[in-house]
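Thanks for coming. I will go through one structure today, and you can follow along on the screen.

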Amino acid sequence: MHITRLLRNTLLGVSATVAFAVAPASASDAALRDTVYNDALPMTQRVDAMRELTGLGKAGNDTRKICIWDIVGRNGPIFSAAQDQRARLLEYGIQLDLIPYTDERVMVDEFKAGLCDAALMSGLRARLFNTYTGTIDSIGGLPSQQHMRILLQVLADPASAKHMVQGDYVVAGIAPGGGAYLFVNDKKINSLAAAAGKNVAVLDYDPVQAEMVGQVGASPVPTDIVNAPNMFNNGVVDVLAAPLAAYEIVELYKGMTPDGGIVDYPIAQISMQLVARRDRIPNEAAQLVREVFFESYQQIIDRVHEETKNIPDRWWIEIPDDDKREYEVMMREVRLQLRERGYYSADMLTLQRRIRCKLDSSRAECADPQE
């Protein structure tokens, strides 16, 4: 099962919502907007207000193009699920044109060029469009899925709507992808010091990753999401950060055989984000989509667990608590550095720190906050 299948049911729920025709402004816009953002009202009332405000269903000949990143392509689970929704969309007089992409880089370039009205992409790519939500995947920012759930609940609340807009783009949905772990070809690479001199895969469009790897004395090897697994399996790189679902999807057990493993410590929580053009999908409409995304959280996480429960225990590499504390200190220092450079959003880092302290008030950072 491909990792993008984790979002299948989410897309089923939101695909009928993400195509809109923007209507001319009217005198009642403020009242309609207040209704959309009032989550104490019945959803039917909020949807009616959103339709009146955006013109949803009033221009039956309007078409919205949605780019979907799925390595499997046109025959992938997400694309197939969206295709099934076309009849539902026609009930609203809306035509949805779904465009599958197996290469995320190409999809993002075409989205930026205006060839699609919205695009489903990884959180790391989404940082190009929204620094706030693009910081969700910050290194060490969210230690567990419990932290991630609280964060996404906050972001789905209408009070967070202002943070979803940056420039010409709006984040219309965020879904969890599970934790990112270090896959290594040698169990001896179980600490930061042990990574020195090793080749580590980094995303070629994100130079900051290369800097972080260099700081621990390792050698960054630029690549992309598609080629990185092959490089690990073929021994070109010794270390690869990836979600656990990649174990079977891209057969990472090949790269770990015979002496490798998975460091039992998530370095980040991965997100998938639906980014849209504001002139095609306004924030008022995107708010309802974001809420539907969050409603699917548990279903998505259950699928994550289903995909990863069969990883044999022999692959796990336990690390001492002292090393975990060392990781935490190192990752906090990296976050602070990247915040000062404008790479990470200070507001998002503060929110993540508050969530960490909410779940564990004994953490040193709770008494001496720096984020």
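I start with a bond: the link of Cys357 and Cys366 is left-handed, with -105 degrees about the S-S bond. Before going on, the conventions: this is a predicted model, local features need pLDDT of at least 70, side-chain atom pairs count only at pLDDT 80 or more, and totals for chains, interfaces and linings use all residues. Residues are numbered from 1 along each chain as its sequence is written, and side-chain values use heavy atoms, with hydrogens and water left out.

Back to that bond. The S to S distance between Cys357 and Cys366 is 2.1 Å, and a disulfide here is a pair of cysteine sulfur atoms within 2.5 Å. For burial I use relative accessible area, with a 1.4 Å probe and protein chains only: under 20% is buried, over 50% is exposed, and in between is partly exposed. Cys357 counts as buried because its relative accessibility is 14%. Cys366, at 24%, is partly exposed.

How many disulfides does the structure hold? It holds two. The other entry on my list joins Cys67 and Cys116, with sulfur atoms 1.9 Å apart. This link of Cys67 and Cys116 is right-handed, with 105 degrees about the S-S bond. It connects distant parts of the chain, 49 residues apart: Cys67 is in strand 1 (residues 63-69), and Cys116 is in the loop between helix 6 (104-112) and strand 3 (118-122). Both Cys67 and Cys116 are buried. With the bonded cysteines numbered in sequence order, the pairing reads 1-2, 3-4.

Now the overall picture. The protein has 18 helices and eleven strands; these are DSSP runs numbered from the N terminus, helices being H or I with at least four residues and strands E with at least two. Of the 371 residues, 54% count as buried. A contact means heavy atoms within 4.5 Å. Among contacts between residues at least 6 apart in sequence, 76% join residues at least 24 apart.

Next, the interior. A nonpolar core is a set of buried Ala, Val, Leu, Ile, Met, Phe, Trp, Tyr and Cys residues joined through side-chain atoms within 4.5 Å. The largest has 54 residues, and those touching the most other members are Met107, Phe111, Met121, Ile136, Leu151, Leu152 and Leu155. There is also a second, separate core of 26 residues, which includes Ile189, Ala218, Tyr327 and Leu349.

Take Phe111, which lies in helix 6. Phe111 is buried, with a relative accessible area of 0%. Leaving out residues up to four places away in sequence, its contacts include Cys116, Met121, Phe129 and Tyr169.

Ile136, with the same exclusion of residues up to four places away, touches among others Leu142, Met148, Ile174, Gln269 and Met348.

Ile139 sits in the loop between helix 8 (131-134) and helix 9 (145-156). Ile139 counts as buried because its relative accessibility is 12%. Beyond its neighbours within four places, Ile139 is in contact with residues including Met212, Ile267, Met331 and Tyr344. The C-alpha atoms of Ile139 and Met330, 191 residues apart along the chain, are 9.7 Å from each other.

Now the backbone. Most residues other than glycine have a negative phi, and most peptide bonds are trans. Glu251 has a positive phi of about 55 degrees although it is not a glycine. Glu251 is in the loop between helix 12 (246-249) and helix 13, and is partly exposed at 30%. The peptide bond from Thr257 to Pro258 is cis, with omega near 5 degrees. Pro258 is in the loop between helix 13 (253-256) and strand 9 (261-263).

I will stop there and take questions.
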